[in-house]
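This short report is for a reader new to the structure. It looks at one strand and its neighbours, then at the nonpolar cores.

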Amino acid sequence: MTTKEHYENHLAHFYEWMVGDFETAQSETLDFFERNRIKPLQNKVTIDLGSGHGLQSIALAKLGFKVKSVDFNKQLLDCLSIRGKELGIQVFLQDLLDEVNFKEQAELMVCMGDTIAHLESVDDIRLLLDRSFRCLVKNGKLILSYCDYGTELVDINRFIPVKADDNKILTCFLEYFIYKVKVTDLLYERIDGHWVQRVSSYFKLRITNRMIEQLLNKVGFKILKCEVINRMNYLVAEKE
Ligand SMILES: C[S@@+](CC[C@H](N)C(=O)[O-])C[C@H]1O[C@@H](n2cnc3c(N)ncnc32)[C@H](O)[C@@H]1O
């Protein structure tokens, strides 16, 4: 199954539940931006690549940015449209790499929540970084957050309990290949008193922190900050 199909047929249906309380997650995101002094300084335009239901977009709009949110999943973008209406957020149902995303100059680009690992190849990551670099104004910033898949989980450690409540249990199963990780989202949902199993898999790229830092440097970015929060790398880079 392609990543797009995986989201459409499976993950998007329970993504909000998986993330948990939106306000809590959004305010943690806002806190990260504030700690890193992310605020509008130039033309205010920011592009959120792979916005999902809006954790970063909403936080950035609250900081005063003009937010353009891009995602290929309609269900998640519809949630964001409702939440972001008052904040003037514009949503675009299209692929991350679509050239149209990079037409307007921006002072900030974000691609967070492991979205970059959803691309099909390292060449696509390079293309995304390169297009982001060219569309940023001088001193504009790019913020990425992603998991490092360098160390292979083995045996029973590959079964990751993600979330459970009285009606749903989500487990993620990882299988490691040389360049990719096959991710299987295994959901048990209680419907009319019976547990129903739904399973779907897709591939992520086996990115590492080192690989992303090297790609950023090659494209011309200066890395300002790298921080690990809940096993996710948060990286702030600048176009000098
Ligand atoms: C793990 S979610 C992260 C969403 C959000 N940034 C967050 O932190 O909650 C990845 C998002 O990227 C989107 N996505 C993945 N590959 C994409 C692509 N090639 N083009 C557009 N959107 C994509 C998915 O639909 C999903 O909403």
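## Strand β1

Strand β1 is covered on both faces: V45, I47 and L49 are buried on one side, and T46 and D48 are buried on the other. The strand spans residues 45–49, and five of its five residues are buried. The model shown here is predicted.

## Neighbours of β1

Strand β2, residues 66–71, pairs with β1 in the parallel sense, over five bridges. Within β2, V67 is the bridge partner of T46. Between β1 and β2 the chain passes through helix α3, residues 55–62, and this β-α-β crossover is right-handed.

β1 also pairs with strand β4, residues 106–111, again in the parallel sense, here over three bridges. In β4, the residue opposite T46 is L108. T46 therefore has a partner in β2 and one in β4, where a pair of strands is defined by at least two bridges.

## Nonpolar cores

The largest nonpolar core holds 47 residues, and I116 and L129 touch the most other members. Helix α1, residues 3–19, is the element that gives the most to this core, contributing six residues. Both domain 1 (3–149 + 206–239) and domain 2 (155–205) supply at least three residues each to this core.

Which residues does L129 touch, leaving aside those up to four places away in sequence? The contacts of L129 are I116, L142, L144, L215, L216, V219 and F221.

Conventions:
Residues are numbered from 1 along each chain as its sequence is written. This is a predicted model: local features need pLDDT of at least 70, side-chain atom pairs count only at pLDDT 80 or more; totals for chains, interfaces and linings use all residues. Side-chain values use heavy atoms; hydrogens and water are left out. Buried means under 20% relative accessible area, exposed over 50%, partly exposed in between (1.4 Å probe, protein chains only). Helices (H or I, at least four residues) and strands (E, at least two) are DSSP runs, numbered from the N terminus. A crossover is right-handed if, with the strands pointing away from the viewer, the path from the first strand over the helix to the second runs clockwise. A nonpolar core is a set of buried Ala, Val, Leu, Ile, Met, Phe, Trp, Tyr and Cys residues joined through side-chain atoms within 4.5 Å. Domain bounds come from an automatic or database domain assignment. Contact means heavy atoms within 4.5 Å.
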